[in-house]
Amino acid sequence: MARVILGVGAGIAAYKACELLRRLREAGHRVRVIPTPDALRFVGAPTWEALSGEPVATGVWTDVDEVPHVRLGQGADLIIVAPATADLLARAAAGMAPDLLTNTLLTARCPVVFAPAMHTEMWEHPATRANVETLRSRGVTVVDPAVGRLTGKDSGAGRLPEPATLYEIADQALSSGTDLRSSLASRRVLISAGGTREELDPVRFLGNWSTGRQGYAFARAAAARGAEVTLVAANVELPDPPGVKVVPVVSAREMHAAMLAEAVSADVIVMTAAVADYRPVTRSEEKIKKDAGPLDPIELTENPDILAGLSARRASDGPDGQVIVGFAAETDTDPGAAKAKLARKGCDFLVVNEVGNGLGFGAVDNEAVVLGSDGSRVPIPRGSKDELADAVLGLAAARIN
Ligand code: C5P
């Protein structure tokens, strides 16, 4: 017996949620229905109360002594919202909480499934697309609506899937204990981290300020989603994340070789490392001495672009559906430059984060925009590197699942 919350949005398809409720109850689950206030215009509270055997409230001002807006979400094993309107998706994506259902969504830590139903134009609107992407990036399951007859004479994408299908989705989310779309269980995730060092002599190198923290956050987040994780780490002074295979490297060429070897079987590749674009043509065997006369200019040669190389090679060697994520640390935020970089690197997602202003290398917090090769643009609000990593992995998981 699980504790399920059935959220009901104000859509005509609310009548189908009655059948979903009946199925959940027949399976032995305890179901609390939380409609939005306007959803009661379609199906009234007596129907939900009779079918669920539980009281129905829509606002936060009923039974205040029991603090329902916190207690219901905290105690739930699953929340399924069917139908989810465009407005409800927008509120959930923005974290707004004007009623009991949206409050409950904010306090819940269990799997959350949204089953949207609306007119095709609304489903395809860029605002709705962005809200769906945002929710998915947080590990929420947003079921694609079915295609078929809509409310009036028109038809298209936007129908609520049949109750039997919704029941199956709810059942799977409950039995896996985690959201299916966001899981990386039994997936291989390969991450590069740190900053490469290009040696000039036995004691000097050309390097950068990368600490590896963002890459290590990705390794932890991927492991938490059930993935088998390999971390190719360049000059990082952080403890190995538990359960993660760490491959230490120093230079860009070593990182290149390690990444190529591991990439063949990776489902997701995340290139967070700061890779030196150039290396000295020669490395002096002896320490370069100051008194040996004027120093010759250091001649540099270009390093391979590992990310672009991996993206180019996956067509022939990568597993089907391999997802590649690159990073772009920019001191300016010109959107055109970032889009051009996404195309040049050939990856699926480019995480564009601003360095400077207390953000970026070495900073504890990070803030970014994730550009997708499909034209999507998901802003990730300022938060910890762990939160950023988890949000980006949510997008990658949604792409492969
Ligand atoms: O071109 P830029 O250095 O800004 O690109 C950053 C992205 O490309 C990062 O994901 C970084 O790990 C990757 N990169 C690479 N090989 C290089 C340079 C950068 O894989 N030689």
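**Cysteines, overall fold and helix packing in the predicted model**

With a disulfide taken as a pair of cysteine sulfur atoms within 2.5 Å, the count for this structure, which is a predicted model, comes to zero disulfides.

The chain has 401 residues, of which 52% count as buried. Among the contacts in the chain that have a separation of 6 or more, 68% are accounted for by residues 24 or more positions apart.

Two helix pairs, which share helix α7, were examined in terms of their axes. Two packed helices are described by the angle between their axes and the distance between the axes. In the pair formed by helix α4 (residues 86-94) and helix α7 (residues 126-137), the axes come within 9 Å and cross at roughly 50 degrees, which makes α4 oblique to α7. The crossing in which α4 passes α7 is left-handed. On the side of α4, the contact is made by Ala-86, Leu-89, Ala-90, Ala-92 and Ala-93, and on the side of α7 by Thr-128, Asn-131, Val-132, Thr-134 and Leu-135. Divided by class, the residues of this contact of α4 with α7 are seven nonpolar and three polar, with no charged residue.

In the pair formed by α7 and helix α13 (residues 385-400), the axes come within 7 Å and cross at roughly 110 degrees. Because this angle falls in the range of 65 to 115 degrees, α7 and α13 are roughly perpendicular to each other. Here α7 contributes Glu-133, Arg-136 and Ser-137 to the contact, whereas α13 contributes Asp-390, Ala-391, Gly-394, Leu-395 and Ala-398. The contact of α7 with α13 contains three nonpolar, two polar and three charged residues, while that of α4 with α7 contains no charged residues.

Methods
Residues numbered from 1 in each chain as written. Predicted model: local features only at pLDDT ≥ 70, side-chain atom pairs only at ≥ 80, totals over all residues. Heavy atoms only, no water. Axes fitted to C-alpha atoms, helices over the stretch in contact; angles between N-to-C directions. Helix = DSSP H or I, 4+ residues; strand = E, 2+ residues; numbered from the N terminus. Parallel < 35°, antiparallel > 145°, perpendicular 65-115°, else oblique. Left-handed = near helix turned anticlockwise from the far one by under 90°. Contact = heavy atoms within 4.5 Å. Nonpolar A, V, L, I, M, F, W, Y, C, P; charged D, E, K, R; others polar. Buried < 20%, exposed > 50% of the residue type's maximum accessible area, 1.4 Å probe, protein only.
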